[in-house]
Amino acid sequence: MINTDSSLKNPNPEIIFQSQRETSFKWRNSSYEDRVNRLKKIRNWIKDNQQAIREALKNDFGKPEAETDLSEIFPVTAEINHSIKNLKKWMKPKSVSTPLPMLGTTSKTYVEPKGTSLIISPWNYPFNLTIGPLISALSAGCTAVIKPSEMTPHTSELVSKMISELFEPSEVAVVLGEVKVSTELLKLPFDHIFFTGSPAVGKIVMKAAAENLSSVTLELGGKSPVILAQDADCKDAAEKIIWGKYVNCGQTCIAPDYILVHDSLQETLIMELKVALQKMYDPDYTGIEKSPDLARMINDKHFERLTGIMEDALLKGTEIAFGGNYNPQTRYIDPTILTKVDDEMQVMQEEIFGPILPILSYSTLEEAIEYVNSKPKPLALYYFGKNQENTSKVLKETSSGNTVINDCVLHFLHLELPFGGVNNSGIGKAHGYHGFLAFSNEKGVLRQRVGFNNVTLLRPPYGVRAKQIIASLIKWF
């Protein structure tokens, strides 16, 4: 049995799971209209409570309102609108062609809900990365238990309030609590688990899912590199990198983690990065710490981890090209650019997940590609350059969850693209149709004629004719 802290105000998750399991059988045949109505309820609630969402994110880690609108609310409402627009097409059975040996049969692919789902969401985008997967689950016709992060209590409470106002616990429910609660939830035989977090915890989730053979979508992370080619436009690249890196104070799974820049461009790039930082976060030269557009570190633990990483790099010989200051009282860390880094430093050994940006140089593109390939496969790779041959070389010779050419992080908002990692950076894809499929079972259905058919002559006893037909199948098909 699951023991829950009464202070969490949660009913027993095991009871929730059983009730949702019963609902999932009813929802298996839910119509397009049923699913769209569930999505519209969420969209309307968000519209009516937009200011409350902003305030929750502000209280949790000082996220600017405009940044909340752009990175927390817009991706969710866009996902809802995209799903409503396309859901009828996604749900429709799809005919498949008939191979010659299958003549006489007709076949289609049907999509059915997997059933019950568990969504474990992270703290860095606590609204977006909780409700986004829920949209996919509801679009597919699944029930959902949501376990939001305990590190963002204001947003988690807001999500719990929203779900309790819109759904019965037997349909969608929020379970609050710390790691212990997640551990107990993972013991339940959910049909699908959607987890967003670190690779280390992703391994724990996958191991727990294996006990019940639950399918998983793991949105993880890693060190997403930027490669700046010799023909890159440094000014254009710098502005895009700065925005991608420092939105949410660098606490973004697809944030540029480090830059590989061609030797000939390093000084120019650093200059342009400084200009872009000043332009975006200190246009009046009053100090970046006063910027209303820069969030703060989520808590003291992560603040201390980041300052420790920086101190380790300084002890081992790095140089600060920009920033380097911090304030423990407000958990503020300067947007910081480091040079002269190497693999002996912690900053190059683990995902940074904060406002520190290391820069390394290379002399040939092959050298840069080799360096990227020496690391675990990243969630995203960003390439800046104009030469198409070199662009193709990077695409063919590297592996990453997604790749963006001449921009950063923008692919997250492209709902026609599959979003997710590969191996260490994730398993499975999300967003739009790909998110719908993650919570769906694609079921192949074949219809055969009654009576004599194309396989009648292939049944035992295997005489000469049957063996001749089998030999022909091997030879020609």
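The model is predicted, so local features need pLDDT of at least 70 and side-chain atom pairs count only at pLDDT 80 or more, while totals for chains, interfaces and linings use all residues. Residues are numbered from 1 along each chain as its sequence is written, and side-chain values use heavy atoms, with hydrogens and water left out.

**Cavities**

Select Glu 79, Asn 128, Leu 129, Phe 412 and His 431: of the 20 residues lining the largest cavity, these lie nearest its centre. Two or more lining residues come from each of α4 (65-91), α5 (128-140) and β6 (192-196). Here a cavity is a set of points on a 1 Å grid over the protein atoms alone where a 1.4 Å probe fits but cannot get out, and lining residues have an atom within 4 Å of a point. The volume is about 230 Å³, counted as the space filled by probe spheres set on the points. By class, the lining has 13 nonpolar, five polar and two charged residues; Ala, Val, Leu, Ile, Met, Phe, Trp, Tyr, Cys and Pro count as nonpolar, Asp, Glu, Lys and Arg as charged, and the others, Gly among them, as polar.

The search of the whole structure finds two cavities of 30 Å³ or more.

**Salt bridges**

There are 16 salt bridges in the structure, each a side-chain nitrogen of Lys or Arg within 4 Å of a carboxyl oxygen of Asp or Glu. Start with Arg 54 and Asp 69, at 2.8 Å, N to O. This pair joins helix α3 (residues 50-61) to helix α4, across 15 residues. Arg 54 counts as buried at 17% relative accessibility, and Asp 69 is partly exposed at 21%; buried means under 20% relative accessible area, exposed over 50%, partly exposed in between (1.4 Å probe, protein chains only).

Next select Lys 63 and Glu 72, whose side chains meet at 2.7 Å, N to O; both residues are buried. Then take Lys 161 and Glu 165, at 2.6 Å, N to O. Both lie in helix α6 (residues 153-166), four residues apart, about one turn of the helix. Finally, show Lys 235, Glu 239 and Lys 279, which are linked in a network of salt bridges.

**Last stop**

Select helix α15 (residues 464-476), where one of 13 residues is buried. Helices are DSSP runs (H or I, at least four residues) and strands likewise (E, at least two), numbered from the N terminus.

How values were computed:
1 Å grid on protein atoms, 1.4 Å probe; cavity = no way out; pocket = protein on both sides within 12 Å on 5 of 7 lines; lining within 4 Å.
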